[in-house]
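Dear colleague,

Please find below the structure that I am handing over to you. My notes on what was found in it follow directly after.

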Amino acid sequence: NHFFVLFSPSPSLLCVLYLVLLSFTMAADEGALDAQYMELHSVQQVFERLMKVLIQQRPDNIHGVLSQELAKIKDEKVGDCNVAYIVGPPGAGKTTCCRMAAEEFGYTHISVEELSADPEQAVSLLRSKVLACPSGGTVLVDGFPTTLKQALQFDIQVLPCRCVLHFEASEKALLERAGGEDEAYRNRLAEYFRTIPSVLAYYKAQKKLVKIDAEKSGEELWGQVHSFFTGDEE
């Protein structure tokens with residue numbers, strides 16, 4: 001934890017905040033781990049928000065205002081919905097099963113691919129969607145995370161998921177199913193299989209990973225998902 005103490009509401013206050021932020025930034029330049037820490041914990045965004053509040057309000061009780069704003073930031077990160085990640089290669093049947101589960105069980109279905117084509121924006125857009133979901137509800141996050149970086153960002157900045165349904169299918173089986181002629185599809189599969197192993201290992205270590213045999217299709221595929229959500233797995 002990083003603490004700083006401000007003793008006076010003088011005009012130098014903003015300079016102090018700026019210098020603290022600058023020191024974090026300089027530290028981040030010294031190593032990849034520091035840079036990762038800055039990004040995962042949104043350090044720069046937090047300081048920019050605190051500075052904006054002080055500029056707008058110009059309070060006499062600086063410590064009180066800062067404490068209140070930090071408490072708001074903390075509350076914004078806490079959600080009480082149940083998040084289930086649905087991961088798997090393109091063409092594995094994730095989205096179809098998510099739509100069926102949303103219809104049958106009343107879950108909220110969020111397709112990350114429909115939210116944004118930019119992986120760098122995925123976490124912030126998803127954060128807003130998840131925190132807007134009904135309290136205590138279940139949210140199916142379709143197609144997320146695809147990288148370990150996304151997984152860590154969401155866990156830290158929003159809330160940890162409850163489980164990860166992994167639609168498992170080999171590249172060969174998926175290409176045969178798709179006819180194997182589309183070069184763009186081949187590239188998407190290659191990228192998925194390149195980045196997903198670290199994500200799966202991360203959630204397997206937490207005992208959150210649930211295997212769905214996506215080489216099956218239709219009713220057999222949906223049956224596995226249905227059984228998981230109803231607690232009827234064999």
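In this predicted model, the count of aromatic pairs comes to 10. One of them is formed by Tyr85 and Phe144, whose ring centres are 5.4 Å apart. The planes of these two rings stand at 70 degrees, over the 60 degrees required, so the pair is edge-to-face. Tyr85 belongs to strand 1, whereas Phe144 sits in the loop between strand 3 and helix 8 (148–157), so the pair ties together parts that are 59 residues apart in sequence. Tyr85 and Phe144 are both buried.

Tyr202 and Tyr203 make up another edge-to-face pair, with 4.7 Å from centre to centre and 65 degrees between the planes. As regards accessibility, Tyr203 is buried, with a relative accessible area of 1%. Tyr202, by contrast, has a relative accessibility of 23% and therefore counts as partly exposed, since buried means under 20%. Through ring pairs, Tyr85, Phe144, Phe154, Tyr202 and Tyr203 are linked into a cluster.

I turn next to the sheet. Strands of a sheet pair through backbone hydrogen bonds, either parallel or antiparallel. Here, 5 strands form an open sheet in the order 2-3-1-4-5, and their pairing is parallel. Strand 2 (108–111) and strand 5 are the edge strands, each pairing on one side only. On average, neighbouring strands of this sheet are turned by 20 degrees against each other, direction ignored.

- Strand 2 and strand 3 (residues 138–142) run parallel and are joined by 4 bridges. His109 has Leu140 of strand 3 as its bridge partner, and Ser111 has Asp142 of strand 3.
- Strand 3 and strand 1 pair in the parallel sense over 5 bridges. Tyr85, already mentioned for its ring pair with Phe144, has Val141 in strand 3 as its bridge partner.
- Strand 1 (residues 82–87) and strand 4 run parallel, with 4 bridges between them. The partner of Val87 in strand 4 is His166.
- Strand 4 and strand 5 (residues 209–213) also run parallel, joined by 5 bridges. Glu168 is bridged to Asp213 of strand 5.

How far are strands 3 and 4 enclosed by the rest of the structure? In strand 4 (residues 163–168), 5 of the 6 residues are buried, so this strand is largely enclosed. Strand 3 is likewise largely enclosed by the rest of the structure, because 4 of its 5 residues are buried.

Finally, there is a helix pair to report. Two packed helices are described by the angle between their axes and the distance between the axes. The axes of helix 7 (residues 119–131) and helix 8 come within 10 Å and cross at roughly 30 degrees. Because angles under 35 degrees count as roughly parallel, helix 7 and helix 8 are roughly parallel to each other. The crossing of helix 7 past helix 8 is right-handed. On the side of helix 7, the contact is made by Pro119, Glu120, Ala122, Val123, Leu126, Arg127 and Val130. Helix 8 contributes Lys149, Gln150, Gln153, Phe154 and Gln157 to this contact.

With kind regards

Notes:
Residues numbered from 1 in each chain as written. Predicted model: local features only at pLDDT ≥ 70, side-chain atom pairs only at ≥ 80, totals over all residues. Heavy atoms only, no water. Buried < 20%, exposed > 50% of the residue type's maximum accessible area, 1.4 Å probe, protein only. Helix = DSSP H or I, 4+ residues; strand = E, 2+ residues; numbered from the N terminus. Pairing = 2+ DSSP bridges. Axes fitted to C-alpha atoms, helices over the stretch in contact; angles between N-to-C directions. Phe/Tyr/Trp six-rings, centres within 6.5 Å; stacked < 30°, edge-to-face > 60°. Parallel < 35°, antiparallel > 145°, perpendicular 65-115°, else oblique. Left-handed = near helix turned anticlockwise from the far one by under 90°. Contact = heavy atoms within 4.5 Å.
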